[in-house]
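Hi everyone, thanks for making time for this one. Let's bring the structure up on the screen and walk through it together.

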Amino acid sequence: MQTKYFFEALSVRLKNENDLSDITLAMCLSCESFRNDFLHFFFPEMIIDENISIDREVSEEDSRPDFLIENKGIIYLIENKINDKNQHFGQYDKTFNVTPERFGYITNYVINDENIIKKGYKLHTWEELYDCLSKKTFPNDGENTLLKGYLEYVKNVCSIIKITKAMKLDGIYSLFSLIEILKKEIVNRETELFTLGIYSTNSAIQNSNPKNGITGVNFQLTYKKNITTDIWGWIGIYYNREKPLICMGFPDKTGWGKPFIDLFRDSINQLSNKKSFKKPYYEEGSWWFEMTDDLLDKFNESNDLNEQKNILKEYMDEVLLCPFQTNKTA
């Protein structure tokens with residue numbers, strides 16, 4: 001289980017094409033079973049020599065493929081793309097004098113160019129590799145643990161979503177209801193300590209819109225004492241997973257959430273899980289406060305709309321008042 005969490009953490013910080021290639025190389029160098037299956041995925045007929053070498057980004061002339069494999073004196077290439085569509089067909093293979101059959105290409109999108117397909121390049125997607133490796137069982141538990149962790153990493157980095165359950169459209173109205181309640185009641189209210197107002201909806205901090213399985217509300221926060229600067233944050237739901245996630249985010253930049261974070265910047269890293277939200281974390285320029293699993297389960301299991309509203313208020317209020325509670329106990 002720790003290996004899975006380790007690779008999940010890697011996928012948050014190390015998620016570009018070079019990172020994916022580096023971790024794939026590390027898997028090849030540390031796990032012979034993985035190396036053999038990875039290479040045979042592209043080159044099924046390859047007889048792998050015990051002295052095979054795999055190198056990253058070997059430069060020659062104007063070419064630098066992601067993987068250069070030398071097996072019994074024969075060169076093979078593999079190029080990795082996630083979203084980049086700057087292709088190198090006819091360039092890398094010419095530079096390194098390999099035929100298209102010895103040039104593997106793996107992308108996070110489908111290449112439909114008939115001219116490329118007909119030439120015999122080994123074209124695959126990361127989802128195809130994920131599906132292939134998911135069926136593998138290695139000789140020992142250590143290798144299998146590594147494989148499961150790597151698959152978790154690839155799934156996260158390449159946004160591979162496996163939908164296996166039938167859809168129930170009646171639940172979609174609940175998503176609409178949540179956003180409406182957030183807009184009308186949760187981020188449009190006044191307490192003794194602060195005032196909240198809606199700023200915008202279905203736009204937010206990090207591409208959070210329905211297209212990406214994320215939607216929520218940007219709000220304006222004004223405290224009645226201690227700080228006069230207005231603060232902007234976001235509250236919403238990630239429903240691009242089987243168990244949705246309700247969270248709040250504060251971009252750590254001027255004109256957004258920086259004044260909020262400044263209130264307890266020196267102590268925020270020392271915070272532990274609270275009653276309604278988990279230990280906050282920093283990611284892609286923002287600080288995030290996720291609703292606890294227990295409170296989310298309570299929200300989901302409740303058949304009382306007023307109770308659900310109170311849960312949302314309890315969660316939001318504890319986050320918004322956390323800087324002052326933290327400073328009192330520090």
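So, how many disulfides are there? The count comes to 0 disulfides, and please keep in mind that this is a predicted model. Take Cys 247: the nearest cysteine sulfur belongs to Cys 322, and that sulfur is 16 Å away. A disulfide here needs the two sulfur atoms within 2.5 Å, so at 16 Å Cys 247 is in no disulfide.

What does Met 248 touch, once we set aside its neighbours within four places in sequence? Its contacts include three tryptophans, Trp 234, Trp 287 and Trp 288. Phe 219, Ile 235 and Phe 289 are also in contact with Met 248, and so are Tyr 315, Met 316, Val 319 and Leu 320. For a sense of distance, Gly 197 is 51 residues from Met 248 along the chain, and their C-alpha atoms are separated by 15 Å.

The largest one has 46 residues, and Phe 219, Tyr 223, Phe 250, Phe 260, Tyr 315 and Leu 320 have the most contacts inside it. Which helix gives the most to this core? That would be α11, residues 305-329, with 8 residues. There is also a second, separate core of 36 residues, with Phe 38, Ile 52, Ile 106 and Tyr 130 among its members.

Last stop, a helix pair. Helix α2, residues 17-30, packs with helix α7, residues 141-157, at an angle of about 170°, and their axes are 11 Å apart. Angles over 145 degrees count as roughly antiparallel, so that is how α2 runs relative to α7. On the α2 side, the contact is made by Asp 19, Leu 20, Ile 23, Thr 24, Met 27 and Ser 30. They meet Leu 146, Leu 147, Tyr 150, Tyr 153 and Val 154 in α7. By type, the residues of this contact divide into 8 nonpolar, 2 polar and 1 charged.

Key. Residues numbered from 1 in each chain as written. Predicted model: local features only at pLDDT ≥ 70, side-chain atom pairs only at ≥ 80, totals over all residues. Heavy atoms only, no water. Axes fitted to C-alpha atoms, helices over the stretch in contact; angles between N-to-C directions. Helix = DSSP H or I, 4+ residues; strand = E, 2+ residues; numbered from the N terminus. Parallel < 35°, antiparallel > 145°, perpendicular 65-115°, else oblique. Contact = heavy atoms within 4.5 Å. Nonpolar A, V, L, I, M, F, W, Y, C, P; charged D, E, K, R; others polar. Core = buried A, V, L, I, M, F, W, Y, C linked by side-chain atoms within 4.5 Å. Buried < 20%, exposed > 50% of the residue type's maximum accessible area, 1.4 Å probe, protein only.
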